[in-house]
Amino acid sequence: MGKRHLALAIALAVAGCGTAPSLPLRRETLARQIADDAAAFNEAYGRAVTAQILLNVLRSRDRLPRFYLAMTGIQDAPSLRFRENIGVGSIPMGEGASPWGFGNFGLERETISRPTYAVQPFSADTLTRTAFQATDPDVFEHYWQSGWPRDLLLFVLVDGLTRIETLPDGQTRVTDLTNEANDVREDCAPAIDSRGCAFVREARSFLRDIAGREPVRGAPADARGVCGLIAAYAPAQPVRRADVAGQRCEPRFIVGAVTYVLHLRSLDDAVYYVGELMRADSMRGEDDIVAPITVFAAGLRGGGAGVPLFRITREHDRRRAPYAASVDYAGERYWAGPAIGRSCADAQASGACVDDAENGDRTSSVISLLAEILALNQSPDSIRAPNRLIAE
C-alpha cells in the first residue's frame, strides 16, 4: 500500500472514531427510545379505550345511539435517511517527499417517524359477540374470585336474579328481581318501593350473608350436582359443581336453603345501565353528576356508608392525580375516575380516609371493568397491543 493510500485509511479511521457514537451509548439510546415509545403508546391506547367507554355512558344518559370501535394496533416504523461526505486534502512535506493527506468524514442520520393506527367499526359478528351477547359466566366468575368489589360487580354486570328458597315443607318459593336503573332512587332507602331497589336490597342482603364466611371447599361424591355453581355457603344439603359439556349455565350461589341465580347482562346493557343511572342527577345542572346508588368506597376496608357507583365531573382539578377517562361531548369536557391511592382500615372524620365520593371514588373501577370486558369479548384479531417496528 502506498503512502497516499495509507494516509487516506488513517484519516478515515480517525474521523470515523471521532464522529460515530460508541456502541454502549447507541444501545442505551435505542433502549430508552423503545421504552419511551412503549409508554407513550400505552398511554394513547388507554385514553382511546376509556374515552370510548365514557362517551357511550354519556350517550346512554341522553338516550342516544352507542357505537363501539376497534383499534387495530399502533405501528411506528421509522424511516432512516443517511447523508455522507468525505474529502481528502494534502500538504507538501518538502522537496522529494510525498505529500501527507488529511481526510474528513461525515455521517448524518435523520429519522422520520409518524405512528399509524386504524380505528374502525367492528364486523357484525364481532360486534354481536363484543357488545350484545350476555357476559360469559366464566368472565363473571373470574372477576368475582379476583378480589373485585362484589357490590360493583352485582350492580353493573347482573341484569336480574332469581331467588329460589326451599321451605321447611319441601316446597320452593321463587322470586324474580330485576336490576332496573330507572327504578333506583335515593340509594334505595327503606321507603323506596320499586323493582330496581328491590334488587339492590336483595343484592346487599346476599353480600351481608356471605361476608366473612368461607365457602364449602369439598363435597362427597354423591352430592347434588349444580351447573354454574360458583360457591356454596353452609348448603342445606351437600352440593358440588357439575360442568355439563356444551351447556352454558348462569352463575349460581347457594346460601343455606336459598339458591341465587344471576342473569348476566351484555356489555352494551352494562354501559346503558350506568348512563341511565346518571340521567336524573344530570338534570340538576351541577358540575358533578352522580349515580343514585352507592358501593363500598375505594381503599376503605372497614366498609363505611359508601360512595356513588359512578361520578362524572365537568371540572378537572389539574393539581390532583390523573383521571381514568376524559372526553369532549356536546361542547363540554367531561372527566371521570380520579386516581385513588389510599388504604384505610376504617373511615375517619377528616383526611384521606373520609368516606365520601371525592376520597373513595369507584368510577375508575367501573371504567376499567367495562374496558377489560370490551377487550375480552373481542376476537384476537380485533384488538392488538401497540407495536413498534425498528428499521435500521
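Strand β8 gives the largest share of the lining of the largest pocket, 5 residues. This is a predicted model in which local features need pLDDT of at least 70 and side-chain atom pairs count only at pLDDT 80 or more, while totals for chains, interfaces and linings use all residues. Residues are numbered from 1 along each chain as its sequence is written, and side-chain values use heavy atoms, with hydrogens and water left out.

Some terms first. On a 1 Å grid over the protein atoms alone, a pocket is an open set of points with protein on both sides within 12 Å along at least five of seven lines; a cavity is a set where a 1.4 Å probe fits but cannot get out; lining residues have an atom within 4 Å of a point. Grid points are joined across faces, edges and corners, and a volume is the space filled by probe spheres set on the points. Helices (H or I, at least four residues) and strands (E, at least two) are DSSP runs, numbered from the N terminus.

The largest pocket holds about 710 Å³. It is lined by 31 residues, and W144, R150, L207, I210 and Y233 are the closest to its centre. Elements that each supply at least two lining residues include α4 (137–145), α6 (195–210) and β8 (229–233).

Which residues form one aromatic cluster? They are F140, W144, F206, F253 and Y260. Rings of Phe, Tyr and Trp (its six-membered ring) pair if their centres lie within 6.5 Å; planes under 30 degrees apart are stacked, over 60 edge-to-face, and the rest tilted. The whole structure has 8 aromatic pairs. One of them, F206 with Y260, is tilted, at 4.8 Å centre to centre and 50 degrees between the planes. Since F206 sits in helix α6 and Y260 in strand β11 (residues 258–264), the pair ties together parts 54 residues apart in sequence.

Last, S326, in strand β16 (residues 323–329). Its contacts (heavy atoms within 4.5 Å) include A51, L54 and W335, leaving aside residues up to four places away in sequence.
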